[in-house]
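Subject: Handover of a two-chain model

Hello,

Here is the structure I said I would pass on. My notes follow below it.

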Amino acid sequence: MIANFAVVLGEWKPLTTGFLNTVWICALSGAVSLVLSVFVSMLLVSRRSALRRAAQGAVDVLRALPFLMLLFIVYYCLPALHLRFSSWTCGLASLVVYNTAYFAEILRGAWAHLPREQEEAGRAYGYAGVGLYRRIILPQILIASGPVLGNQLITLVKNSAFLMVITIPDLTFMANQVQAIYFVPFETMLVAVMLYWTICSTIEWIVRGMERVAVVRGHE
Amino acid sequence: MSEPRGHAGHVVDVRGLGKSFGPLRVLRDVSLHVAAGRTLCVLGPSGSGKSTLLRCINFLERPDEGAVFLRGERVGFRRTPAGRERPMSDRELARMRTRIGMVFQQFNLWPHLTVLGNLVESPIHVQQRPRGEVVAEADALLDKIGLRDKRDAYPSRLSGGQKQRVAIARALAMKPEVLLFDEPTSSLDPELVGEVLAVMRDLAREGQTMIVVTHEMGFAREAADEVLFMDEGAVIETAAPQRFFDNPSTARVRQFLQRFA
């Protein structure tokens with residue numbers, strides 16, 4: 001058993017590569033998704049009903065889709081339409097599109113729960129349109145939805161493991177290679193699980209910090 | 001045909017305002033005007049349309065009939081070069097609202113900003129005045145309402161009375177031409193009402209133009225230059241406070257005042 005762990009630790013290089021790939025894939029796609037979701041959330045409450053319905057339809061479809069299905073569609077079906085991208089592009093784009101839908105829906109929900117008077121106070125003090133959203137509404141709904149956004153970020157990290165099926169060398173992919181070469185499945189997976197746990201608890205830690213901010217800067 | 005212009009000597013001039021919510025007529029032909037430096041108190045039973053009247057003055061509600069003028073300029077409409085009037089865009093309307101301060105019953109401070117942040121938010125980001133100047137004025141306002149020590153606190157850490165004083169300072173920070181108060185003490189614990197009324201009394205004395213919807217009869221009697229009484233969406237009586245309280249001319253007002261005697 002100890003000897004098996006020694007084998008796994010001896011393979012620290014591929015495991016570290018996989019770990020770092022997972023970290024930057026998740027950080028980049030999480031950040032891009034969050035930024036995009038701010039714009040999508042504005043569409044979700046647009047006064048133009050055609051725009052609002054189209055955006056809500058797209059968000060609903062994406063949320064009803066298992067992430068693996070989306071990945072297969074992007075990676076296997078788009079080439080049939082002569083749209084061919086690298087596996088990295090497909091993987092990142094899928095994560096971004098999928099999580100933008102979730103983040104946008106979370107922001108829309110938080111907006112719906114924001115007291116109407118907050119928006120009204122903004123209007124009474126000279127805000128309208130995008131300025132009203134950016135200065136008055138967005139900061140409040142980001143604070144209010146911090147824990148839910150954090151949960152979705154953790155789901156993103158776990159979904160990123162699916163990227164191995166389109167040959168992206170993430171942590172799961174590398175761990176699978178190590179265990180296949182040396183046939184030490186238990187020890188390798190244990191190490192991989194510990195590394196995933198490290199990423200997720202870091203996110204948890206950040207979310208708890210945000211919750212402390214929310215207590216002071218939130219509605220009572 | 002050209003629309004009548006508002007009276008330029010009046011800061012606020014309201015003419016024939018009407019508003020319905022579905023079948024319910026909330027305002028019927030309401031007219032009033034407030035001259036510079038004067039305080040108008042609007043009294044009346046709950047549901048008489050007082051709050052709706054205030055919300056129509058800054059167009060948070062769009063009136064169905066009538067017109068509101070701010071220093072002779074029509075609120076919510078803009079004159080085209082051809083001399084016609086067209087409704088303002090959201091942005092134009094927002095810009096005009098910075099000239100009308102509003103203090104809400106529920107304070108509606110922005111919880112994500114500190115006390116100072118609440119005061120300087122609109123002057124810096126909407127009125128685009130220089131930060132240094134705005135912050136210095138905000139500090140002076142905080143001194144005036146006695147809350148300089150709460151400058152960097154968040155609203156969640158303040159009492160109701162402190163919140164409402166900050167909300168008044170937030171309105172003043174925009175240097176508005178008129179301040180609208182929508183029942184500013186109605187959601188406060190009784191022991192906190194006094195500190196808010198004291199700030200408002202000072203403002204009235206300093207010549208800030210104000211329209212105050214309130215149930216505080218004592219405040220209306222002392223601080224108002226004029227009292228307007230509404231019932232069922234209509235103006236029943238307008239009078240100087242002394243005359244209004246001591247010798248009202250309508251039976252409806254006498255009946256209303258008896259409940260406070």
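Buried residues account for 37% of the 220 residues in chain A; a residue is buried if 20 or more other C-beta atoms, placed from the backbone, lie within 10 Å of its own, exposed if 12 or fewer, and partly exposed in between. This is a predicted model, in which local features need pLDDT of at least 70 and side-chain atom pairs count only at pLDDT 80 or more, while totals for chains, interfaces and linings use all residues. Residues are numbered from 1 along each chain as its sequence is written, with chains lettered from A and ligands numbered from 1 in the order in which they are written.

Chain A

Chain A has ten helices and zero strands. Helices (H or I, at least four residues) and strands (E, at least two) are DSSP runs, numbered from the N terminus. The C-alpha trace of chain A spans about 70 × 50 × 20 Å along its principal axes. Of the contacts in chain A with a separation of 6 or more, 77% are between residues 24 or more positions apart; two residues are in contact if their C-beta atoms, placed from the backbone, lie within 7 Å.

Helix α2 (residues 12-44) of chain A packs on helix α5 (residues 87-113) of chain A at about 45 degrees, with the axes 6 Å apart. Axes are lines fitted to C-alpha atoms, for helices over the stretch in contact, and angles run from 0 to 180 degrees between N-to-C directions. α2(A) and α5(A) are therefore oblique to each other: angles under 35 degrees count as roughly parallel, over 145 as roughly antiparallel, 65 to 115 as roughly perpendicular and the rest as oblique. The contact of α2(A) with α5(A) has 15 nonpolar, seven polar and one charged residues. For these classes, Ala, Val, Leu, Ile, Met, Phe, Trp, Tyr, Cys and Pro count as nonpolar, Asp, Glu, Lys and Arg as charged, and the others, Gly among them, as polar.

α2(A) also meets helix α8 (residues 146-159) of chain A, where the axes come within 10 Å and cross at roughly 135 degrees. The pair α2(A) and α8(A) is therefore oblique as well. A:C26, A:S29 and A:G30 of α2(A) make this contact with A:L153, A:L156 and A:V157 of α8(A). By class, that is four nonpolar, two polar and no charged residues.

Chain B

Four strands of chain B form an open sheet in the order β2-β1-β4-β5, with antiparallel pairing; two strands pair if DSSP finds at least two bridges between them. The edge strands are β2 (24-35) and β5 of chain B, each pairing on one side only. Strand β1 (residues 10-21) of chain B is joined to strand β4 (residues 65-70) of chain B by five bridges, and B:G18 stands opposite B:E65 in β4(B).

β4(B) pairs with strand β5 (residues 73-74) of chain B over two bridges. In β5(B), B:E73 is the bridge partner of B:L70 and B:R74 that of B:F69. The two strands β4(B) and β5(B) form a hairpin with two residues between them, and B:R71 in the turn has a positive phi of about 45 degrees. Helix α1 (residues 50-57) of chain B lies across β1, β2 and β4 of chain B, at about 120 degrees to β1(B).

Between the chains

The contact takes 21 residues from chain A and 22 residues from chain B. On the chain A side, the elements giving two or more residues are α6 (116-124), α7 (129-144) and α10 (185-217) of chain A. That side has nine nonpolar, six polar and six charged residues.

Regards
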